[in-house]
Number of protein chains: 2
Amino acid sequence: MPSKPQPPVTMDAVYAAPGYLFRRMQQIAVSIFMEECKEFDLTPVQYAALVAIHTHPGIDATRLSAVIAFDRSTLGSVIERLQAKQYVERKPSPEDKRIKLLHLTKSGAALLKEIIPAVERAQARMLEPLKPADRKSLMALLVQLVDLNNEASRVPLRAEDALEHLGKAG
Amino acid sequence: MPSKPQPPVTMDAVYAAPGYLFRRMQQIAVSIFMEECKEFDLTPVQYAALVAIHTHPGIDATRLSAVIAFDRSTLGSVIERLQAKQYVERKPSPEDKRIKLLHLTKSGAALLKEIIPAVERAQARMLEPLKPADRKSLMALLVQLVDLNNEASRVPLRAEDALEHLGKAG
DNA sequence: TCTAGATTGTCAGTATACTGTCAATCTCAA
DNA sequence: TTGAGATTGACAGTATACTGACAATCTAGA
């Protein structure tokens with residue numbers, strides 16, 4: 001067991017790297033979400049999209065991508081799948097022929113209501129191993145970090161902007 | 001501004017959900033990594049794989065997946081790409097015809113040395129917006145949470161086990 | 001020894017993610 | 001009004017991720 005200063009490249013350095021930990025935690029989070037929600041056949045991304053469409057009926061795909069900070073290209077196929085499952089409808093906009101407006105179907109709205117307890121169980125389980133005070137600290141730090149790093153991601157969150165163009169905020 | 005208790009489904013609930021924050025942070029982390037390392041044409045996953053192969057020369061793909069906690073199926077294509085870039089070699093094991101042993105090439109080892117400063121810049125940038133004390137708190141909580149949730153992921157980290165079978169820890 | 005069960009690498013299928021490109025469409029300024 | 005530039009949705013290409021299946025191979029027990 002050599003005890004001299006670590007050579008420049010070690011697994012310990014990887015295990016302690018923020019990027020590695022964020023990746024691991026994301027994988028764990030998805031795994032827990034899928035487990036709790038397996039009876040609903042809905043992914044975390046699809047859930048977020050459903051909530052956003054529910055909150056902003058008539059939103060278009062580009063603005064939806066800004067509201068949930070997901071890539072626009074990716075979102076296209078997400079919406080397709082939600083459409084295939086009959087949770088979402090797309091109607092051409094009468095005002096702008098490029099745009100397709102998104103609405104929840106009855107079935108989509110019903111699903112959203114039903115799935116909430118499972119989603120909340122999943123979110124709770126992700127933090128469960130920590131002490132309650134630590135959960136709060138972690139979430140506070142993470143909210144801060146994600147917010148301050150917003151511009152570093154390709155698709156920054158633009159919730160406000162997106163809302164304004166829908167005529168809901170002003 | 002309504003101040004009554006939030007209706008059951010809101011974007012605010014999504015924005016504050018651990019799963020959503022972990023996803024956003026992971027996307028930001030990848031984005032920063034790719035930006036700092038763009039001259040090397042290496043992804044975060046490929047980097048972790050290179051480090052693990054460097055640390056455990058002669059490891060096979062299944063054990064590699066345990067050492068970095070990545071899915072075995074996914075790892076196959078990651079290794080293929082590293083092989084195509086001439087950073088990694090695969091040789092059949094003389095003892096077990098199912099197994100292919102992994103080694104860094106000279107070019108792979110050289111790349112690993114060169115890329116370290118960029119990787120460290122990336123890791124630092126991810127946490128930069130936080131105060132130094134907060135960075136430490138966040139990392140400490142995250143290390144804890146990932147460790148305690150280890151079994152919740154499909155591919156739990158099994159660094160020790162994997163090492164033993166390579167005859168490096170006995 | 002012979003076979004049931006485990007392991008390894010691979011593959012097919014699905015679902016994010018991101019980059020870059022494109023045609024259709026819209027906007028706005030000259 | 002017309003044309004440059006922006007926007008929208010779609011697509012191709014690459015790279016994780018995970019599930020489930022499979023043949024080849026290895027291991028152990030009967």
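**Figure 1. Pairing of B:Pro92 with B:Lys100 in a predicted model.** In this predicted model, B:Pro92 stands opposite B:Lys100 in β3(B), where strands (E, at least two residues) and helices (H or I, at least four residues) are DSSP runs numbered from the N terminus. Strand β2 (residues 88-92) of chain B and β3(B) pair in the antiparallel sense over 5 bridges, two strands being counted as paired if DSSP finds at least two bridges between them. In β3(B), B:His103 is the residue that stands opposite B:Glu89.

**Figure 2. The open sheet of chain B.** Three strands, in the order β1-β3-β2 (chain B), form an open sheet with antiparallel pairing. The edge strands are β1 and β2 of chain B, each of which pairs on one side only. Strand β1 (residues 59-60) of chain B is joined to strand β3 (residues 100-104) of chain B in the antiparallel sense over 2 bridges, and B:Asp60 has B:Leu101 as its bridge partner in β3(B).

**Figure 3. The interface of chain A and chain B.** In chain A, 63 residues are in contact with 63 residues of chain B, contact meaning heavy atoms within 4.5 Å. About 5600 Å² is buried between chain A and chain B, and carbon and sulfur atoms give 74% of this area; buried area is the accessible area (1.4 Å probe) that two parts lose on being put together, summed over both. The elements that give two or more residues to the side of chain A that touches chain B are α1 (11-15), α2 (18-36), α3 (44-55), α4 (61-68), α6 (106-127) and α7 (132-148) of chain A, and α2(A) gives the most, with 15 residues. By class, this side of chain A has 44 nonpolar, 14 polar and 5 charged residues, with Ala, Val, Leu, Ile, Met, Phe, Trp, Tyr, Cys and Pro counted as nonpolar, Asp, Glu, Lys and Arg as charged, and the others, Gly among them, as polar.

**Figure 4. The relation between the two copies.** A rotation of 180° with 0.0 Å of shift along its axis superposes chain A on chain B (RMSD 0.0 Å), by least squares on the C-alpha atoms of residues with pLDDT of at least 70 in both. That is the relation of a two-fold axis. Of the interface residues of chain A, 100% are also interface residues in chain B, so the copies meet through the same surface.

**Notes to all views.** Residues are numbered from 1 along each chain as its sequence is written, and chains are lettered from A and ligands numbered from 1 in the order in which they are written. Local features need pLDDT of at least 70 and side-chain atom pairs count only at pLDDT 80 or more, whereas totals for chains, interfaces and linings use all residues, and side-chain values use heavy atoms, with hydrogens and water left out.
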